[in-house]
Structures are given as structure tokens and as C-alpha cells.
Amino acid sequence: MRIGELAKATGATTRALRFYEERGLLSSARAVNGYRVYDEQAVRRVANIRYLLDAGLTLEDIEHFGACLDGDVPSSRPSEAMLDIGRRRLSVLDGRIASLARVRDELAGLLAAASGDRAAVSPSG
């Protein structure tokens, strides 16, 4: 299938598909006319990449999944290495959330002080 067909089948943009290919997550052959041609397995691979991205992993994280991307990732039991990748990403996300919460609380405090009404801006949003 051509790149436009793969994009339609997976909901990914053609730009994203080319990027996945640049990162080594997806491969294609070239037709005589130079167009990229993907096999049917590419649909599953792209679906798995998108599933893992939606779960909070990065493309760098996903690059470590290799051939597992050709399987049924949502239903498979992850390896210990995959769990470690997920744990590291979760730690990074927890750190970002904590940092954003501190920044948000600081801004809320500044706004409350500036308005003279501490109740005007509640820390919970």
C-alpha cells in the first residue's frame, strides 16, 4: 500500500509516517515510480506506535521495542525491559507534573496577592 493509504488506514499523517521511517520504526520499499510502498504489517506497526505514544512514551522510548511493534502490543505481556522503559517515562512525567504544579501554585499566589484577594485564584484551578 502507498503512504496515503497507510495514513488513511491508521489515522496517522503522511508526515508522521515519513518521520517514523526516518527514526527506523517503519520501513518501506520503493515502487518503480519511487513511491513508498508498505506491506500490510505496517498498519499494525503504526497502530502500536500510536498506542504507545498515546500512553505517554516518546519515539525514543518506542525505538527500544523493535520487533515487538509487529505484535499485539496492547494485549501482550511486556518484557522487563519494556516495563523499565515505562517506569522511567512515568518518573519523568511525575517530575514534570510536580514542577508544573509548583509553577501553577506560584502563579496563583502572585495573582491572588496582586488582586488583594487570596480566594480569587484557588490553587485547585
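A pocket is an open set of points on a 1 Å grid over the protein atoms alone, with protein on both sides within 12 Å along at least five of seven lines. Its volume is the space filled by probe spheres set on the points, and the probe is 1.4 Å.

This is a predicted model, where local features need pLDDT of at least 70, side-chain atom pairs count only at pLDDT 80 or more, and totals for linings use all residues. Residues are numbered from 1 along each chain as its sequence is written, and side-chain values use heavy atoms, without hydrogens and water.

The largest pocket has a volume of about 390 Å³. Its lining (residues with an atom within 4 Å of a point) has 19 residues. Closest to the centre are Leu52, Leu57, Phe65, Pro78 and Met82. Helix H3 (41-54) and helix H5 (80-115) each give two or more residues to this lining. H5 supplies the largest share, eight residues. Helices here are DSSP runs (H or I, at least four residues), numbered from the N terminus.

**H1 against H3**

Helix H1 (residues 3-10) packs on H3 at about 50 degrees, with the axes 10 Å apart. Axes are lines fitted to C-alpha atoms over the stretch in contact, and angles run from 0 to 180 degrees between N-to-C directions. Contact means heavy atoms within 4.5 Å.

| Helix | Residues in the contact |
|---|---|
| H1 | Leu6, Ala9, Thr10 |
| H3 | Ala42, Val43, Val46, Arg50 |
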